[in-house]
Amino acid sequence: MAAVKPSLGRVLPGSSILFLCDMQEKFRHIAYFPEIVSVAARMLKNTTLDLLDRGLQVHVVVDACSSRSQVDRLVALARMRQSGAFLSTSEGLILQLVGDAAHPQFKEIQKVIKEPAPDSGLLSLFQGQNPLFR
């Protein structure tokens, strides 16, 4: 089996695709669901593992992901990371795609990120050196 070459994880506007999965009203009881839907709307088929299997570079917007429980959410994010996906926040990806103030839509995009994304419950999961993210 050949070793997979690690990449830098750059997000490039000309070759990036936004993939939203499983945003269903019946999941509204999941913790932080309204906040996660808000982040998903801020970012405007198949799965992360399917895309990785096709050889595509995948960036997961962690503040737009949820699961039935925080444990399932945390393990799913760790699994995606172990499989080669890059974990990012909505603001981090937006800023990577814009690059800098020279971007023609920078002023419009600056308005989008001026308002912080709603708390999606991740901060507490990452505090305390979580072993799944080492």
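Where is the place of Ile94? The notes below come to that residue in point 6, after the chain as a whole.

1. Model and confidence. This is a predicted model. The chain has a mean pLDDT of 77, and 75% of its residues reach 70 or more. Among its elements, β2 has the highest mean pLDDT, 90, while helix α6, residues 123-126, has the lowest, 68. Where pLDDT is low, the predicted coordinates should not be read in detail.

2. Overall make-up. The chain contains 6 helices and 2 strands, in the sequence order α-α-β-α-β-α-α-α. Of its 134 residues, 30% are buried. The accessible surface comes to about 9,500 Å², and carbon and sulfur atoms account for 56% of that.

3. Nonpolar core. The largest nonpolar core has 10 residues: Leu51, Leu52, Val58, Val60, Val62, Cys65, Leu77, Met80, Ala85 and Leu122. In soluble globular proteins, nonpolar side chains tend to be buried together. Ala85, one of the core residues, is in contact with Thr48, Leu52, Val58, Val60 and Met80, leaving aside neighbours within four places in sequence.

4. Helix α3. An α-helix has 3.6 residues a turn, so residues three or four places apart point the same way. After α3 comes Gly84, which has a positive phi near 115°.

5. Strand β2. Ser88 belongs to strand β2, residues 86-88. Is Ser88 buried or exposed? Its relative accessible area is 12%, so Ser88 counts as buried, the cut-off being under 20%. Not counting residues up to four places away in sequence, Ser88 touches His59, Val60, Val61, Val62, Asp63 and Leu93. Two of these contacts, Val60 and Val62, are also listed in the largest nonpolar core.

6. Helix α4. The place of Ile94 is in helix α4. With a relative accessible area of 11%, Ile94 is buried. The C-alpha atoms of Ile94 and Ile109 are separated by 7.9 Å, although the two residues are 15 residues apart along the chain. In α4, residues 90-98, the buried residues are Ser90, Leu93, Ile94 and Val98. They sit on the same side of α4 because they cover an arc of only 135° around its axis. Leu93 is also among the residues that Ser88 touches. Gly99 follows α4 and has a positive phi, near 85°.

7. Tyr32. Which residue has a positive phi although it is not a glycine? Tyr32 does, with a value of about 65°. Most residues other than glycine have a negative phi. Tyr32 is placed in the segment before α1 (33-43). Its relative accessible area is 32%, so Tyr32 is partly exposed.

Definitions and conventions: Residues are numbered from 1 along each chain as its sequence is written. This is a predicted model: local features need pLDDT of at least 70, side-chain atom pairs count only at pLDDT 80 or more; totals for chains, interfaces and linings use all residues. Side-chain values use heavy atoms; hydrogens and water are left out. Buried means under 20% relative accessible area, exposed over 50%, partly exposed in between (1.4 Å probe, protein chains only). Helices (H or I, at least four residues) and strands (E, at least two) are DSSP runs, numbered from the N terminus. The arc is that of the directions from the helix axis to the C-beta atoms. Contact means heavy atoms within 4.5 Å. A nonpolar core is a set of buried Ala, Val, Leu, Ile, Met, Phe, Trp, Tyr and Cys residues joined through side-chain atoms within 4.5 Å. Accessible areas come from the Shrake-Rupley method with a 1.4 Å probe; for residues, only the protein chains shown count as cover. pLDDT is the predictor's confidence in each residue, from 0 to 100.
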